[in-house]
Amino acid sequence: MSNLQMLYSQSVDFFDGKVINTTTGKPVPFATIKLKNNQIGVYANAEGDFKISRNPEFQEDSILISCIGFKQSSLAYKNLSDSTNNRVSLTPIVYGLGEVKIVASKTKMNSITIIRRAIAKIKNNYPDKPFSYISYYRDYQKKDGNYINLNEAIIQTLDGGFSIESISNHYRMLDFKKNTEFPRMNISPYYNAFESAEFENKNKTIPKAMLGDQYGNELFILMVHDAIRNFNRRSFSFIETFSEDFIINHNFSDPSPVYNNNLLLQKISFNGRSRIVGDSLTVSGAIYIQPKDYSIHKLEYTCYYNIKGKGLKEMFHIDTEYGYNNSLDSGSMYLKYISFNNLFKVMDNDDDSYFKITDSYLDTERNIKATVIVTFNHKIDPVTASKRENYEIIVGKKPLKFNSVQVTGKNLYIRFKEEDLKDKHDSIFISIKEVKDIYGNILDKRKSIELYQYRELFVQDYNKSLPFKDSCYMQYLPLEQNCISKYSGNFNYWMNTPENIKINK
């Protein structure tokens, strides 16, 4: 079977699964699902959903399911059902007081000391020599909790090691797919400016926040937000440069023990200091550090708007997890997944009901005075239409003031002195702004759509040498405009497509 046939195989070639918390009944986000013998793994998404390839070679294998804070679970591959969604349960680890005392360090260190040591040891705990990994990447928006505009890809990352800045990394795209099984909405690839009373306060934006557009490359935008890999350069707001700004920008709780299977980690929760978030934003998160070698296993980070009278509203959220890999060297930490989402508003390009001009012409015959008649699709508000500052009129190359304005239903009559329009060959340019209809809608302002933009990457394999037929590195262009590297051989990389949930009407 060729690579392309495998990547584009239908859903019948996969088992669907969902990881559930036995205590709460809720999904477990970003759990690890791994074949014990074949060492192939995927990660559940934020809703706990995953797919695993149907392959006769796996029949005698077993599946291990794990997540930080839960007891590891397992099941036989041959027991997976292809007719139902395979629900896998994970049980949270509960600590007794005696257990905490047993694992406590003899020399107690505070959270800041632990984090400072962890940052100082990044170059020791993560690979400093070149390595590679192959991942399933996807980007999409969520509207009313449902997926839209889903794009998927298989990506090979060629990383020069943590001693070199990630900007030097190279990427190959092994496959790309615009998934038409999910609804697609006409949205500009670049966010439109949107004005809203809810967000008009300048304090409700992040001071000095900058998100490079990476020339439209969605994957590159995502990888900027890996604060651990980019520990010595700027990643995202408030984390800033992780090695320099993380500690001084946050308040930290005392460390608490949490297990990743049998591995003890220390979880340190934090929030943003008031001097950086003010009273209009809230920052919270947690960092998970292994006390034996001070390796950072996970970073959770969320920034919220504080909206008066409405509580907190998520602005952006980032989950990043690293871990050891038994099939690789010496105990270095490798990326497992990164998930980044942010709130944005755009104008609805499909909205055809917005207040707009439908016709305009110059009438020099039926009216006593020369008149420009402008027709709108809604009845016009006479108050805003009467304000002279809402008009800019140029005849020929000269600005011109009109004589009067009259509103009659959907029609606007702009009257001039006859001598002002004596040269019928002159062009007339009229710009109208801030005029409203009787319902309060501003001219040419479409309805807004509030969406969460998601970009996610889930690693499937490390340091795999692929026999390429045609190889090319990704450029600073949107993914769909990038080249695809073709390779031969039977490799088990697949698109871990989420469950298709129909949009609520």
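In strand β21, I373 is the bridge partner of Y361. This pairing belongs to a predicted model, in which local features need pLDDT of at least 70, side-chain atom pairs count only at pLDDT 80 or more, and totals for chains, interfaces and linings use all residues. Residues are numbered from 1 along each chain as its sequence is written, and side-chain values use heavy atoms, with hydrogens and water left out. Strands are DSSP runs of E of at least two residues, numbered from the N terminus, and two strands are taken to pair if DSSP finds at least two bridges between them.

Strand β20 and strand β21 (residues 371-376) are joined by 6 bridges in the antiparallel sense. Both strands belong to an open sheet of 4 strands with antiparallel pairing, ordered β20-β21-β25-β24.

Another open sheet is formed by 4 strands in the order β3-β2-β5-β6, and its pairing is antiparallel. Its edge strands are β3 (41-43) and β6 (73-76), each of which pairs on one side only. From one strand to the next, the twist averages 20°. Strand β5 (residues 62-66) pairs with β6 in the antiparallel sense over 4 bridges, and the bridge partner of L64 in β6 is S74.

Aromatic contacts were assigned to rings of Phe, Tyr and Trp (its six-membered ring) with centres within 6.5 Å; planes under 30 degrees apart count as stacked, over 60 as edge-to-face and the rest as tilted. The structure holds 31 such aromatic pairs. In one of these, the ring centres of F15 and Y77 are 5.6 Å apart and the planes stand at 85°, so the pair is edge-to-face. Because F15 lies in strand β1 (residues 14-21) and Y77 in the loop between β6 and β7 (86-90), the pair ties together parts that are 62 residues apart in sequence. Accessibility is classed as buried under 20% relative accessible area, exposed over 50% and partly exposed in between (1.4 Å probe, protein chains only). F15 is buried, with a relative accessible area of 7%, and Y77 is likewise buried, at 1%.

F468 and Y487 form an aromatic pair that is edge-to-face, with 6.2 Å centre to centre and 75° between the planes. This pair links distant parts of the chain, since F468 lies in strand β28 and Y487 in strand β29, 19 residues apart. With a relative accessible area of 26%, F468 is partly exposed, whereas Y487 is buried at 4%. A single aromatic cluster is formed by F236, F242, F246, F252, F270, Y301 and F316.

K142 lies over the face of Y147, at 5.1 Å from the ring centre, and the charged end of K298 sits over the ring of Y288, 5.9 Å from its centre.

A disulfide is a covalent bond between the sulfur atoms of two cysteines. With a disulfide defined as a pair of cysteine sulfur atoms within 2.5 Å, the count comes to 1 disulfide. The bond is formed by C472 and C483, whose sulfur atoms are 2.1 Å apart. The torsion about the S-S bond of C472 and C483 is about 130°, so the disulfide is right-handed. C472 and C483 both lie in the loop between β28 (468-470) and β29 (486-487), 11 residues apart. C483 is partly exposed at 29% relative accessibility. Among other cysteines, C67 is buried at 8% and C303 is buried at 0%.

P255 is located in the loop between β13 (250-252) and β14 (256-260) and is partly exposed, with a relative accessible area of 24%. The C-alpha atoms of P255 and I268 are separated by 4.7 Å, although these residues are 13 residues apart along the chain. Leaving aside neighbours within four places in sequence, P255 is in contact (heavy atoms within 4.5 Å) with M109, S111, I114, Q266, K267 and I268.

Terms used
Axes are lines fitted to C-alpha atoms, for helices over the stretch in contact, and angles run from 0 to 180 degrees between N-to-C directions. A charge sits over a ring if NZ of Lys or CZ of Arg is within 6 Å of the ring centre and within 35 degrees of the ring normal.
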